[in-house]
Amino acid sequence: MTTIQTVTINGQRIVLTEKLGTGLEATVWRVVVDKDSLALKIFFQPDDTIFDKKPAKLRTDAEERLAELARMLPVFPTDLPKAVLCPVHTVTNALGQVTGFTMPLLPPGYKGARLYTDPKFCKDNGITNARIQALMLELYDTIEKGHAAKIIYGDALSGNNVQFGPDCPKIIDPNALNIPGFSNRTHTRECVDPTLCRAGELVMNQDHTENSDWFVYVLLLAWLYMRVHPFGDGINTED
């Protein structure tokens, strides 16, 4: 197993001590770089034990993900809407290999948009339909501005990656974006356009598009208002 305990950020060697969470492809840490507190996303290495007893393809996917990240970060757009938490620094390991990136920390009070589909959560926190409407109007504006910058949001619009809070919506997974020259078919079954999937399945076999971004937007809007996923019981919203 390759356990990354120190990284190089902006020429500084930084020891990782404060873990914020672990996902399917990476671990997120809190770090301080030049006195700025940032989130650091470190992707799993192909030889990580997290892949033990799992299909070998997952190790291959991890290797390809890191290679693409090394190509993508130097050309990542800098003119995206303020709602998108974009990469700040490219992060390398002791061998100089790209292992992740830093990005702004999510401000206090933000939660995944999917949590806003829970009536009890909304009632307990005083979240009204009017507030949800305002948030979704701001998200609409963010999508429009991203499309104007030639960005396809794709899985960045999932109910986990869209975050709602006291200010405008935030999008927290910049590597899920499809930027010019780079595309991916990462998707969440609860937030995917079925016309891009294999017949009878919610597994993509085509790239995300502007139209599919708008489909997912409407899907999320309906989910928030109805408090029931439009795809019905076939979707496990805990996945």
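**Close-up views of a predicted model**

**View 1. Helix H1 and its buried residues.** In helix H1, Ala62, Leu66, Leu69 and Met72 are buried (under 20% relative accessible area; exposed is over 50%, partly exposed is in between; 1.4 Å probe, protein chains only). They cover an arc of only 130° around the axis, which puts them on the same side of H1. The arc is that of the directions from the helix axis to the C-beta atoms. On the other side of H1, Lys57 and Glu63 are exposed. The buried residues pack against strand S5 (36–43) and strand S7 (98–104), where contact means heavy atoms within 4.5 Å. Helices (H or I, at least four residues) and strands (E, at least two) are DSSP runs, numbered from the N terminus.

This is a predicted model: local features need pLDDT of at least 70, side-chain atom pairs count only at pLDDT 80 or more, and totals for chains, interfaces and linings use all residues. Residues are numbered from 1 along each chain as its sequence is written, and side-chain values use heavy atoms, with hydrogens and water left out.

**View 2. The length of H1.** H1 has 16 residues (residues 57–72), so at 1.5 Å a residue it should span 22 Å; its end C-alpha atoms are 22 Å apart, which agrees. The expected span is 1.5 Å times one less than the number of residues.

**View 3. Helix H3, buried on one side.** H3 covers residues 129–148. Its buried residues are Ile132, Leu135, Met136, Leu139, Thr142, Ile143, Gly146 and His147. They cover an arc of only 130° around the axis, which puts them on the same side of H3. An α-helix has 3.6 residues a turn, so residues three or four places apart point the same way. Ala130, Leu137 and Ala148 are exposed on the other side of H3. The buried residues of H3 pack against strand S9 (162–164), strand S10 (170–171) and helix H4 (210–226).

**View 4. Residues with positive phi.** Most residues other than glycine have a negative phi. Asn10 is not a glycine, yet its phi is positive, about 55°. Asn10 sits in the loop between strand S1 (6–9) and strand S2 (12–15). Asn10 is partly exposed, with a relative accessible area of 47%. Lys53 also has a positive phi, near 65°. Lys53 is in the loop between S5 and H1. Lys53 is exposed, at 90% relative accessible area. Lys150, which follows H3, has a positive phi near 70°.
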